[in-house]
Amino acid sequence: MLDDVDRFVRTRVAPAASAIDAEAGFFPELLADAAALGLQGIVHDDNGGLDVTRMDLAREVTERISAHSPAVALGIAGARLSAYLLAKYAPSHLRQRWVASTLAARTYGSFAITEPEAGTDIRALSTVAVPDGDDYVLTGHKCWVGFAPVAHVAIVLAKVGSPERDAPMVALVVDMESPGAAGRPGPELSGFRGMPNGELHFDGVRVPRGDRLDVEGFAGMMDGLNMARIDAAAYACGLLRGALLASLTRAHARHAFGRPIGDLQIIQRKIGRMAADYRAAHELTRRAAESFAHGDGGDQDIVSMAKMFASDAARRHTDEAMQIHGALGVVTAEDVNRMHRDAKVTQIFDGTSEIHETMLGRRALRMLARDEPLTAFLGSDTVEEISA
Ligand SMILES: Cc1cc2nc3c(=O)[nH]c(=O)nc-3n(C[C@H](O)[C@H](O)[C@H](O)COP(=O)(O)OP(=O)(O)OC[C@H]3O[C@@H](n4cnc5c(N)ncnc54)[C@H](O)[C@@H]3O)c2cc1C
């Protein structure tokens with residue numbers, strides 16, 4: 001499959017990447033081509049069932065595409081995410097209706113948590129599903145949601161009955177053709193341009209009670225979010241790889257004071273650190289994907305470390321790549337400029353870097369207080385010494 005992916009990247013993604021970014025143009029044909037190669041369906045078997053043992057392959061595909069266009073990689077990974085949640089938790093009538101069509105890129109599915117007053121603080125969300133006979137009546141407003149303007153179906157996190165902070169939550173599967181449901185474009189973004197993003201509005205939408213994920217709503221969405229975070233780390237790895245290759249090429253070709261700028265120690269140091277951080281981010285993300293492949297939703301600590309480390313490194317080193325390009329670095333049509341804008345997004349979506357560092361630190365301290373092994377934080381060799 002990776003040979004097919006490399007050919008797809010070389011012949012279809014790389015030539016289109018600049019125009020997708022410049023025009024913020026959606027790319028349904030590329031998603032259909034990716035689907036024909038089976039890229040959205042990597043963690044599914046031939047019958048649409050799940051096979052998450054292939055999550056590390058999905059990660060590698062995301063990284064390779066992201067070295068040229070993280071927007072295209074997100075279009076593919078976003079479809080995989082919706083299909084994953086539907087295949088794992090939705091009743092059979094919804095699986096039949098949406099999984100195959102989503103994997104084939106005939107329909108698009110949104111994963112909708114964020115609201116204008118509820119981003120990092122998910123429990124602040126105020127979209128409410130009120131039970132009424134055989135239906136829920138859904139009212140609320142989601143924002144910054146991938147595929148929102150073109151979505152056929154949306155998995156929507158809502159509170160049941162009331163917007164109180166601790167109200168129980170449900171993840172409803174909403175047909176976006178339902179009366180009262182609407183998807184709209186949001187403001188123009190600087191990164192991941194071309195990937196549709198925007199708002200979902202629900203104005204008294206009647207959703208049959210059975211049209212939900214069969215799992216506590218928050219927990220189900222967090223399972224999906226772990227997959228999304230591994231992909232976010234992989235977009236960042238792709239950006240690091242792209243920045244490294246672009247920097248090497250420029251350092252070799254650009255001459256100053258009669259010699260390539262790559263002869264300067266200051267440029268060599270930037271590239272050395274870029275290469276080391278790329279390999280470290282890649283290994284951490286691989287570990288995160290391998291943990292997800294066990295089928296229990298993944299090791300949350302490794303997933304957080306990978307997402308935070310890779311995205312912060314991508315932002316830092318795409319900045320260095322711009323610097324190595326001099327004035328060309330600030331030309332919006334240049335690849336390194338686009339990479340820097342895309343890298344910023346990876347620090348924000350799927351949990352900001354700040355919330356990941358906070359969660360990691362808090363968990364490590366709590367585990368120490370409870371005398372639990374700190375394996376995820378320190379590696380197995382040091383556990384005995386620290387917990388004794
Ligand atoms: C391109 C893009 C695609 C997206 N796709 C989706 C999608 O498909 N579905 C979806 O539901 N959402 C999506 N989002 C939304 C994204 O998940 C949120 O933007 C993100 O969770 C941050 O929320 P916020 O923007 O409201 O920032 P805020 O929560 O307002 O945070 C603002 C700042 O405060 C900091 N902060 C807040 N609370 C804490 C805390 N407790 N500790 C430390 N720092 C804190 C944050 O780190 C940040 O720096 C997308 C966003 C973007 C940009």
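What radius of gyration would a compact globule with 388 residues have, and what does the protein chain have? The globule would come out near 21 Å. The protein chain has 21 Å, which agrees. Keep in mind that this is a predicted model.

Now look at the outline. Taken along the principal axes, the C-alpha atoms fill a box of roughly 80 × 60 × 40 Å. Inside the chain, the secondary structure comes to twelve helices and nine strands.

The domain assignment gives domain 1 as residues 2-108, domain 2 as residues 110-215 and domain 3 as residues 218-387. Take domain 2 and domain 3. Their C-alpha centres lie 30 Å apart. The two domains touch, and the contact takes eleven residues from domain 2 and eleven residues from domain 3. What kinds of residue does domain 2 bring to this contact? Its side has eight nonpolar residues and three polar ones. No charged residue is found on that side.

Now zoom in on a pair of helices. Helix H4 covers residues 70-89, and helix H5 covers residues 92-103. They pack at an angle of about 155°, and their axes are 9 Å apart. An angle over 145 degrees counts as roughly antiparallel, so H4 is roughly antiparallel to H5. The crossing of H4 past H5 is left-handed. From H4, the contact uses Ala79, Ser82, Ala83, Leu86 and Ala87. From H5, it uses Leu94, Arg95, Trp98, Val99, Thr102 and Leu103. Sort these residues by type, and you get eight nonpolar, two polar and one charged.

Move on to a second pair. Helix H8 runs over residues 300-324, and helix H10 runs over residues 353-369. Their axes are 9 Å apart, and the packing angle is about 140°. Is H8 oblique or roughly antiparallel to H10? Roughly antiparallel needs an angle over 145 degrees. The angle here is about 140°, so H8 is oblique to H10. The crossing of H8 and H10 is left-handed.

Which residues make this contact? H8 supplies Asp301, Ser304, Met305, Lys307, Met308, Ser311 and Asp312. H10 supplies Ser353, His356, Glu357, Met359, Leu360 and Arg363. By type, the contact of H8 with H10 divides into four nonpolar, four polar and five charged residues.

H4 with H5 has eight nonpolar residues and one charged. H8 with H10 has four nonpolar residues and five charged.

Definitions and conventions:
Residues numbered from 1 in each chain as written. Predicted model: local features only at pLDDT ≥ 70, side-chain atom pairs only at ≥ 80, totals over all residues. Domains from an automatic or database assignment. Contact = placed C-beta atoms within 7 Å. Nonpolar A, V, L, I, M, F, W, Y, C, P; charged D, E, K, R; others polar. Axes fitted to C-alpha atoms, helices over the stretch in contact; angles between N-to-C directions. Helix = DSSP H or I, 4+ residues; strand = E, 2+ residues; numbered from the N terminus. Parallel < 35°, antiparallel > 145°, perpendicular 65-115°, else oblique. Left-handed = near helix turned anticlockwise from the far one by under 90°. Rg over C-alpha atoms; globule rule 2.2 N^0.38 Å.
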